[in-house]
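Subject: Structure handover

Hello,

Here is the structure we talked about. Please open it first; my notes follow below.

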Amino acid sequence: MTVVNGVKGNSVYDHLSNAIRSGVIKAGQTLTERGLAQQLGVSRTPIREAFRKLEEHGLVKYEPHKGVKVITLSLERVIHLYQVRELLEGLAVRTLTELNDQEAIGELSAYIESAEKEAAVNNIKEMSIINTKFHLALARLSGNGYLEDIMYMLQTHISLMMSTSLSHTGRPVENIEEHKMIINAIQSKDADLAENVAKYHVRQARDHALKMIEMDGWNNDGN
């Protein structure tokens, strides 16, 4: 794991959270207060506080006398995760289509442009971050606060797999093209079409996640 020295106390959680979501810190990796305090140049207190918050958000699990371990999702939990995400993301995109918000289209399109630039240099880490922002934006721009909160939690777990999933040959380009399909469907003002396209994208992401589990030999006893 590579981290940046000199992280200030209030940003320790954000730093660790982003490192987990972007794949710098891997699923299943154990983190210790002492090791992170030395690497980040802070005392153990902000590390401890960050661990507590990470555990509340379902990113890590405390192991007595060892530290905390970044969660690993079992096959069953991955399937359940994408089942829920498909329904909720379909709802988010349907609602956003019905709003007919052109500013929202502009914001989503900007994420596509950024992703294409990173794909051109094969920057999987940054593409993973942009992907997360795109999907959270779909929920936020729908105007449904409850939907946004739930999608944030789901995306947190999805991000544990995203950087590896995007590493598969051809997937970055496919992912961008599917995002373009979502934007085009929203612009068409056809809510049924937009919902179906969003669900299709989630099913494609699920299939790649399941391939990743098979290829990488994930432990099916994950949390």
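A helix here is a DSSP run of H or I with at least four residues, and helices are numbered from the N terminus. Please keep in mind that this is a predicted model.

Is H179 buried or exposed? Its relative accessible area is 5%, so H179 is buried. The cut-off for buried is under 20%. Beyond residues up to four places away in sequence, H179 touches I112, N131, F134, H135 and H201.

E178 is also placed in helix α8. E178 has a relative accessible area of 5%, so it counts as buried. Leaving aside neighbours within four places in sequence, E178 is in contact with R171, Y200, H201 and Q204. Take Y200 from that list. E178 and Y200 are 22 residues apart in sequence, and their C-alpha atoms are 8.6 Å apart in space. Then take H201. The side chains of E178 and H201 make a polar contact at 2.5 Å. H201 is also among the residues that H179 touches.

**Salt bridges**

How many salt bridges does the structure hold? There are 14 salt bridges.

R48 lies in helix α3 (residues 44–56) and E33 in helix α2 (residues 33–40), so the pair ties together parts that are 15 residues apart in sequence. R48 is partly exposed, because its relative accessibility is 42%.

E89 and R85: their side chains meet in a salt bridge at 3.6 Å, N to O. Both are in helix α4 (residues 75–99). E89 and R85 are 4 residues apart there, so about one helical turn separates them. Are these two buried or exposed? E89 is buried, with a relative accessible area of 0%. R85 is buried as well, at 1% relative accessibility.

D192 and R94: this salt bridge has an N to O distance of 2.2 Å. D192 belongs to helix α9 (residues 191–216) and R94 to helix α4, so the pair ties together parts that are 98 residues apart in sequence. D192 counts as partly exposed, at 49% relative accessibility. R94 is partly exposed too, with a relative accessible area of 21%. What else is linked to D192 and R94? A network of salt bridges links R94, E98, D192, E195 and K199.

**Helices α5 and α6**

Two packed helices are described by the angle between their axes and the distance between the axes. The axes of helix α5 (residues 102–120) and helix α6 (residues 124–141) come within 9 Å. They cross at roughly 170°. An angle over 145 degrees counts as roughly antiparallel, and α5 and α6 are therefore roughly antiparallel to each other.

Which residues meet between α5 and α6?

- From α5: A104, E107, L108, Y111, I112, S114, A115, E118 and A119.
- From α6: E126, M127, I130, K133, F134, A137, L138, R140 and L141.

By class, this contact of α5 with α6 has 12 nonpolar, 1 polar and 5 charged residues. I112 and F134 are in these lists, and both are also touched by H179.

Best regards

Conventions. Residues are numbered from 1 along each chain as its sequence is written. This is a predicted model: local features need pLDDT of at least 70, side-chain atom pairs count only at pLDDT 80 or more; totals for chains, interfaces and linings use all residues. Side-chain values use heavy atoms; hydrogens and water are left out. Buried means under 20% relative accessible area, exposed over 50%, partly exposed in between (1.4 Å probe, protein chains only). Contact means heavy atoms within 4.5 Å. Helices (H or I, at least four residues) and strands (E, at least two) are DSSP runs, numbered from the N terminus. A polar contact is a pair of N or O atoms within 3.5 Å; within protein, one must be able to donate a hydrogen and the other to accept it, and residues adjacent in sequence count only if both atoms are side-chain atoms. A salt bridge is a side-chain nitrogen of Lys or Arg within 4 Å of a carboxyl oxygen of Asp or Glu. Axes are lines fitted to C-alpha atoms, for helices over the stretch in contact, and angles run from 0 to 180 degrees between N-to-C directions. Angles under 35 degrees count as roughly parallel, over 145 as roughly antiparallel, 65 to 115 as roughly perpendicular and the rest as oblique. Ala, Val, Leu, Ile, Met, Phe, Trp, Tyr, Cys and Pro count as nonpolar, Asp, Glu, Lys and Arg as charged, and the others, Gly among them, as polar.
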